[in-house]
Amino acid sequence: MTRAAFFVLTALADQPRHGYGILREVEELSDGEVQLRVGTLYGVLDRLTADGLIVLDREEVQQGRLRRYYRLTDDGVAALEAEAERMAAGAGAARRRIAEGRAGTPLHGPAGLEPPTAPGLAGGLA
């Protein structure tokens, strides 16, 4: 699942939204890291609709413009939950590795330099 698709599904997790509302919500949820263009958003919406993860909830005319509201399907909820679990598991693995690295001896010294080798059998450096 792409990052854009993940945040679009997340934006729709609590309520149906129209395109502009999805754009704003995605930007807020990602702390500004994901800023979708309108064309990109509608490509993602088309793909998620084709995959059965979202559906058109309703259409409204506001200020002479048609607004299409989208909502998650049950499959969309399941896909979002599965992706969130996958991401959490990956983050947990990364945190464990970081902690193990800090607790043990680093494999490389500063700036990627190899640490001195251990004394060899003759008492010199191997």
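**View A. Buried residues of helix 1 in the predicted model**. Ala4, Ala5, Phe6, Phe7, Val8, Leu9 and Ala11 are the buried residues of helix 1; buried means under 20% relative accessible area with a 1.4 Å probe, protein chains only. Helices (H or I, at least four residues) and strands (E, at least two) are DSSP runs, numbered from the N terminus. Because 7 of the 9 residues of helix 1 (residues 3–11) are buried, the helix is largely enclosed by the rest of the structure. The cover over these buried residues includes strand 1, strand 2, strand 3, helix 2, helix 3 and helix 4 (74–103), where contact means heavy atoms within 4.5 Å.

View B. Strand 1 is joined to strand 3 (residues 65–72) over 2 bridges in the antiparallel sense. Arg17 stands opposite Tyr70 of strand 3.

**View C. Lining of the largest pocket**. Of the 13 lining residues, Tyr20, Tyr42, Arg65, Leu66 and Arg67 lie nearest the centre of the pocket. A pocket is an open set of points on a 1 Å grid over the protein atoms alone, where a 1.4 Å probe fits, with protein on both sides within 12 Å along at least five of seven lines; lining residues have an atom within 4 Å of a point. Strand 3 gives the most to the lining, with 5 residues.

Residues are numbered from 1 along each chain as its sequence is written. In this predicted model, local features need pLDDT of at least 70, side-chain atom pairs count only at pLDDT 80 or more, and totals for chains, interfaces and linings use all residues, while side-chain values use heavy atoms, with hydrogens and water left out.

Notes: Pairing = 2+ DSSP bridges. Buried < 20%, exposed > 50% of the residue type's maximum accessible area, 1.4 Å probe, protein only.
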